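Please look over the sequence and the structure below before reading on.

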Amino acid sequence: MIRRLRLALLVALAVLLQVALFPHLRLAGAVPDVGLVLVGVVAALEGPETGAILGFFTGLCVDLFLETPLGLSALAFALTGAAIGVAQAGLLRPGRWLGPLLGALAGALGNLLFVGVGILIGQDQLRSAHAMQMVGLAVLYDAILGPFLFPLATWATRESPTSVSGVTRSGWSA
Amino acid sequence: MVILLIITSVTLITLDERGSGSGVFGSIRSGAHDVVAPLQRGAQDVVRPVTDWFDGLTSRGSLASDNRKLRHEVESLHNQIARARALEQQNADLRRQLGLPFVGDIKTIAAQVISGATGNFDTTVQIDAGSAHGVQKGMPVVSDAGLVGRVVEVSRTSATVMLITDPSSNVAVRLPKSQATGVASGHAGTNLLSVSFVSPDKDVRKGDTVFTAGQQNGLFPADLPIGTVTSATKTTGALQYDIEVRPAVDLTRLEFVQVLRWTGPGSAG
């Protein structure tokens, strides 16, 4: 219960930072995806199911502040959480690059899903070379953000049992 | 579980698309904006000095030569100050009487830009005026130089303005010099507009000014400045000009705007 509350608090903080602070701190016109990176990191620690659920609710909160249809970010974030949760069991290895790697991976997957599904449902403004350029810049920004969110996510999930891959939380050294 | 979340997301997307952002989802969005607006305003105040400092760093190379030029200019400016003070007073009086010259008798609501777009794929800004101040969805937004965009989302204390450079923004325009009409649309990733449907029979040239056409049932009143033609080319056999327009307003540095209390022909004032 306390773990869930901590995760909810972290999601609220990530969304507030995304909405209130980072629009003022653009790098080359791009903002980082704080919520998306958080989903990626938590999914890596907790597995696909927690990643997908956290992704859905985080994306839904972010959707409230976008002009795209409600549910688009929720879908993209949930699928990203699920995919990273699955990948962490077999592909991701602990190490100092894990934080940036997870940030970049979450940013790339989430943004590409957002753009791809957006185009499918008729969001024509996403069908441009500029959208791909923004994805690239956001991925870089997300990679920088990854290591900062890792300790927060570890704190929020610390009471959970050993992670799916069998690596204890203290074993993640990013 | 993942399948259930996918189905829920798709259902939400469908419902929101069908409701065009109004109804329950619109109310939830509006409430969320109200909660966050004071934080956006606070963040703007805190972050502005830092971003200004970074802006200063990037232009450091030219500061030394600028300094020399400015010292010379200061002397001549001293002489002009006395005259400027008198003119300033006169100017302030006139402004109070006239307001924005191109707005005519349409009443306006002053607002400050409190935030840019939340995501990477929107071309919007948040302003600190909402339904409590009289702002409604669809109202045009201008600055002292011309058209900025239109209101697409309203909460009680804030509103979202879609800029004219958004790819999904279309504005009916006219070019008085050549008597041409067309539709100005945004380009993703640039601060330029492209004007379509201008007949190649017209004589459109670089430097021509572009205004809103104010057509019947249009989204904007007539004669709001939009920008200046930066290039106008017509290919042999083409059915229309290829026109690029630089907006009159620097949309990357918006600070204060005016929302026009105009929701369609006949709504002025």
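**A helix pair in chain A**

Helix α5(A) passes helix α6(A) in a right-handed crossing (the near helix is turned clockwise from the far one by less than a right angle; helices are DSSP runs of H or I of at least four residues, strands runs of E of at least two, numbered from the N terminus). The contact residues (C-beta atoms, placed from the backbone, within 7 Å) include A:G99, A:L102, A:A106 and A:V115 of α5(A), and A:V135, A:D142, A:G146 and A:F150 of α6(A). By class, this contact has 15 nonpolar, five polar and one charged residue (Ala, Val, Leu, Ile, Met, Phe, Trp, Tyr, Cys and Pro are nonpolar, Asp, Glu, Lys and Arg charged, the others, Gly among them, polar).

This is a predicted model: local features need pLDDT of at least 70 and side-chain atom pairs pLDDT 80 or more, while totals for chains, interfaces and linings use all residues. Residues are numbered from 1 along each chain as its sequence is written, with chains lettered from A and ligands numbered from 1 in the order written.

Chain A as a whole has six helices and zero strands. Of its 174 residues, 58% are buried (20 or more other C-beta atoms within 10 Å of the residue's own, C-beta atoms being placed from the backbone). Among contacts in chain A with a separation of 6 or more, 75% join residues 24 or more positions apart.

Chain A also touches chain B, through 37 residues of chain A and 36 of chain B. On the chain B side, α2(B) gives the most, with eleven residues. That side has 19 nonpolar, twelve polar and five charged residues.

Notes
Two residues are in contact if their C-beta atoms, placed from the backbone, lie within 7 Å. A residue is buried if 20 or more other C-beta atoms lie within 10 Å of its own, exposed if 12 or fewer, and partly exposed in between; C-beta atoms are placed from the backbone.
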